[in-house]
Amino acid sequence: MNNKHYVGKRVTSLVNYGEIEKIDGIALLVDDENEYVAGSKEGYVLEVTCPYGTQAMADKLFASLGGKTYTGFSAESATIDPKAELGDGITIGGIYSPLASRNVKFGALNLTDIGSPGDSEINHEYEYVSSQQTELNRKLAQTRSYIEKTAEDIRIGVESIEGTVAEIEVSVGNITSRVEAAEGDLSELSVSVGSISSTVSDQEGRLTTVEQTAAGLTSTVSGLEGDVSRLEQTAG
């Protein structure tokens, strides 16, 4: 973290928000209920949404930005080093600013929307705003989306405040999609090299699975009382 990257004019659009006042605190938002805070929650608080955030990341961001000003900006379809992390310095269109948000557009070029919030986007928290009220305001959002990218896989999902989740995970040789309701009902499809597997289950324990390979197909149905029906078909 805290490396420097040059983007220059390699963007489709760039908005300069101008210089903001000094940062008093960092709030790293993991989800609607969890956050990691470094510095003070009074004054100018930079909120950064990062579903894989940690306290160490918040501390490093505050060590880099605490007590400093910067120029806020928003840029679309930027060409940037894939290894760039939140808190790194970005030189773009004559602006030098920290990377506070990043949204990768997966494709041939893996272009990225990046930015640092302007003054209107900074959370100005003072003593009369309680932490309970701040949490309540954040919960007003009905859904959240997330992208998690590692060297091994990519996970993309959307989750409602009630707990319903739709998610797709892509790794080498495998794609898995899953839809799960807050009550426990689940539908899952997994496609691997040489096989396809689907599962549907409900909160009461009923389960149906289908597994298909080049050699044949197997389907299983499980009931509430533990009864199991199984059908196997093989290539002749």
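This is a predicted model: local features need pLDDT of at least 70, side-chain atom pairs count only at pLDDT 80 or more; totals for chains, interfaces and linings use all residues.

Student: What share of the 236 residues is buried?

Tutor: Buried residues make up 32% of them. The word applies to a residue with under 20% relative accessible area.

Student: Why is isoleucine 196 called partly exposed?

Tutor: Its relative accessible area is 37%. Buried means under 20% and exposed means over 50%. The 37% of isoleucine 196 falls in between, so this residue is partly exposed.

Student: Which residues form the nonpolar patch on the surface?

Tutor: The patch consists of Ile156, Ile168, Val170, Ile175, Leu189, Val191 and Ile196, with about 490 Å² of accessible area together. Isoleucine 196 lies in strand β17 (residues 195-201), while β14 (165-171) and β16 (186-192) each supply at least two residues of the patch.

Student: What makes β9 and β10 a pair?

Tutor: A pair needs at least two bridges. β9 and β10 (residues 111-116) have five, in the antiparallel sense, so they count as paired. Within this pairing, lysine 105 stands opposite leucine 111 in β10.

Student: Which strands are at the edges of the open sheet?

Tutor: The sheet has four strands in the order β2-β6-β10-β9, with antiparallel pairing. β2 (13-19) and β9 (101-105) are the edge strands, as each pairs on one side only. From one strand to the next, the twist averages 10°.

Conventions. Residues are numbered from 1 along each chain as its sequence is written. Side-chain values use heavy atoms; hydrogens and water are left out. Axes are lines fitted to C-alpha atoms, for helices over the stretch in contact, and angles run from 0 to 180 degrees between N-to-C directions. Patches are made of residues with over 30% relative accessible area and no salt bridge: like charges are joined within 9 Å, nonpolar side chains (Val, Leu, Ile, Met, Phe, Trp, Tyr) within 5 Å. Accessible areas come from the Shrake-Rupley method with a 1.4 Å probe; for residues, only the protein chains shown count as cover. A salt bridge is a side-chain nitrogen of Lys or Arg within 4 Å of a carboxyl oxygen of Asp or Glu. Buried means under 20% relative accessible area, exposed over 50%, partly exposed in between (1.4 Å probe, protein chains only).
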